[in-house]
Amino acid sequence: MGIFRSVMEFSARFGLTMRDDPVKVIDLAARTWGEPVEWAALSAELIPQSDRDALPSVSVVLRNIGMGPVSLTVPGWLFFLSAEVAGPDGSVALSPFGAQLLKPERRTERIEVTLQAGTGTEARVPVGQLFGLRAAAERKARYRVVVRCELPSGAVVRSNEIEV
């Protein structure tokens, strides 16, 4: 018991948690999808925030609409998925934080993804931080977001358009 308590105290002190979270199930039927390309379709959905001042994040699901499994290697989700944000005055540039985070030299991660036919995988894109949309929240401006990715073949898949 003593060692378990020490681990729990260490975890609590450093913000770590130990728990058995249930596997998240993605309800693919409840989502809106962009146009399918080859074996893939993308869906973007605003993540509800309980804090009105929180910057918006987007849940993005990549779905295998093909007949068989697909395996690919992605360069980390933030480099594989790219958000296009447009406001009342046109396209919105990356924030200084987003520009730093997405520098090409940071593109070192490789994730192996295998999607069975009819399944999807989710990633969360912090568009509010990447594009500095705090000013938008203060002005009550609305922005349109589309997420895209490039498949290994070079084909580009685009999500549905959402408003944040």
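Predicted model: local features only at pLDDT ≥ 70, side-chain atom pairs only at ≥ 80, totals over all residues.

Me: Which way do β3 and strand β6 run, and how many bridges join them?
Reply: They run antiparallel, and 5 bridges join β3 to strand β6 (residues 111-115). Two strands count as paired if DSSP finds at least two bridges between them. Helices (H or I, at least four residues) and strands (E, at least two) are DSSP runs, numbered from the N terminus.

Me: And what is the bridge partner of valine 74 in β6?
Reply: Isoleucine 111 is the partner of valine 74 there.

Me: Which side chains of β3 are buried?
Reply: Val70, Leu72 and Val74, which point to one face of β3 (residues 70-74). Buried means under 20% relative accessible area, exposed over 50%, and partly exposed in between (1.4 Å probe, protein chains only).

Me: What is the mean pLDDT of the protein chain?
Reply: The mean is 83, and 80% of the residues reach 70 or more. pLDDT is the predictor's confidence in each residue, from 0 to 100. Among the elements, β9 has the highest mean (98) and α1 the lowest (40). Over residues 1-22 the pLDDT is below 50, and this stretch has 5 contacts in the model beyond near neighbours in sequence. Contact means heavy atoms within 4.5 Å.

Me: New topic: how many salt bridges does the structure hold?
Reply: There are 5. A salt bridge is a side-chain nitrogen of Lys or Arg within 4 Å of a carboxyl oxygen of Asp or Glu.

Me: Which residue meets arginine 158 in one of them?
Reply: Glutamate 84 does, at 2.8 Å from N to O. Arginine 158 lies in strand β9 (residues 156-158) and glutamate 84 in strand β4 (residues 81-87), so the pair ties together parts 74 residues apart in sequence. Glu84 and Arg158 also belong to a network of salt bridges with Arg148.

Me: What about glutamate 45, which residue does its side chain meet?
Reply: Arginine 31, in a salt bridge of 3.8 Å, N to O. Glutamate 45 sits in strand β1 (residues 40-46) and arginine 31 in the loop between α1 (2-13) and β1, 14 residues apart. Arginine 31 is buried, at 10%, while glutamate 45 is partly exposed, at 34%.

Me: Last one: where is asparagine 160 found?
Reply: In the loop between β9 and β10. Asparagine 160 is buried, with a relative accessible area of 10%.

Me: And what does asparagine 160 touch?
Reply: Leaving out residues up to four places away in sequence, asparagine 160 touches several residues, including Trp33, Leu42, Ala44 and Val145. A polar atom of the asparagine 160 side chain lies 2.8 Å from the backbone nitrogen of alanine 44.

Terms used
Residues numbered from 1 in each chain as written. Heavy atoms only, no water. Polar contact = N/O pair within 3.5 Å; in protein donor to acceptor, adjacent residues only side chain to side chain.
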